[in-house]
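Subject: Structure handover

Hello,

Here is the structure I promised you. Please open it and keep it beside this email as you read.

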Amino acid sequence: MAGVGAASDTPVVDELAGLTPEQAEQLRAEWSRELARVEDEIATLRTVLQSKIRQSSELKRKLGITVWKEITEDVNQGLKNVKESQVYQTIETRLAELSKAVTEAPIYQKTESVIKSTAEKTTSILGGITAGVSSKLGQMRNSESFRSIEERVGSAYENVKGKVASRSNSTQSFDEALRDASRAASGATSPTIPENKPLP
């Protein structure tokens with residue numbers, strides 16, 4: 001085992017200083033035996049540990065404890081430990097103090113009152129606009145112009161309805177009848193272009 005500990009030869013040289021070559025060789029042999037014994041113990045412990053891990057896994061399986069459940073419990077315990085820690089408590093206290101200081105600050109109070117005032121004024125203005133629009137629509141509905149338009153639309157509807165009913169066997173569609181009725185109601189006499197002839 002001459003290569004073992006090559007990186008730290010200086011401390012080994014110090015321990016072997018003043019020893020005869022036979023004594024140094026005996027000390028090295030003793031160290032080699034102790035190293036072999038320790039490595040054997042490590043191998044035994046690994047075997048025992050693997051056996052215990054298998055036994056633990058089997059017992060957990062029988063108890064219904066899953067890996068997910070263990071992770072969840074570990075995370076919950078970790079969160080609980082964090083929340084109970086002094087650092088977390090200090091941060092929580094400081095944040096509460098900061099929040100209180102902000103809400104009690106004059107600028108915050110002023111901003112809050114301005115926002116409330118603006119909201120009240122906006123509501124008032126919108127209410128006034130709505131009332132004004134409703135009033136104007138009511139006045140329009142009672143006007144002569146509106147009644148005249150209403151009568152024309154009503155008569156145009158009746159004309160279309162009548163034409164569609166009377167021409168149920170004709171090739172004229174409902175859209176054509178509606179167009180004819182609207183022209184008749186508005187008094188417009190625009191020329192019609194037959195659908196089967198292209199435009200010049």
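Below is what was found in it, from the whole chain down to one residue.

First, the ground rules. This is a predicted model, in which local features need pLDDT of at least 70, side-chain atom pairs count only at pLDDT 80 or more, and totals for chains, interfaces and linings use all residues. Residues are numbered from 1 along each chain as its sequence is written, and side-chain values use heavy atoms, leaving out hydrogens and water.

The whole chain. The protein has seven helices and zero strands. Both are DSSP runs, numbered from the N terminus: helices are H or I with at least four residues, strands are E with at least two. Along the sequence the pattern reads α-α-α-α-α-α-α. Of the 200 residues, 4% count as buried (under 20% relative accessible area, with exposed over 50% and partly exposed in between; 1.4 Å probe, protein chains only). Take contacts (heavy atoms within 4.5 Å) between residues at least 6 apart in sequence: 14% of them join residues at least 24 apart.

The annotated stretch. UniProt, in an unreviewed entry, marks residues 28-55 as "coiled-coil region". Positions follow the numbering used here, feature names are shortened, and annotations may be inferred rather than shown by experiment. In the model, residues 28-55 are 100% helix and 0% strand. Their end C-alpha atoms lie 40 Å apart.

Helix pairs. Two packed helices are described by the angle between their axes and the distance between the axes. Axes are lines fitted to C-alpha atoms, for helices over the stretch in contact, and angles run from 0 to 180 degrees between N-to-C directions.

Start with H3 (residues 67-84) and H4: their axes come within 5 Å and cross at roughly 60 degrees. That makes H3 oblique to H4 (under 35 degrees is roughly parallel, over 145 roughly antiparallel, 65 to 115 roughly perpendicular, the rest oblique). Val82, Lys83 and Glu84 of H3 meet Gln86, Tyr88 and Gln89 of H4.

Next, H4 (residues 86-104) and H5 (residues 106-141) pack at about 60 degrees, with axes 5 Å apart. H4 and H5 are therefore oblique too. Val102, Thr103 and Glu104 of H4 touch Pro106, Tyr108 and Gln109 of H5.

One residue. Lysine 60 sits in helix H2 (residues 21-63). Is lysine 60 buried or partly exposed? Its relative accessibility is 27%, so lysine 60 counts as partly exposed. Beyond neighbours within four places in sequence, lysine 60 contacts Ile65 and Glu70. The C-alpha atoms of lysine 60 and glutamate 70 are 9.9 Å apart.

Best wishes
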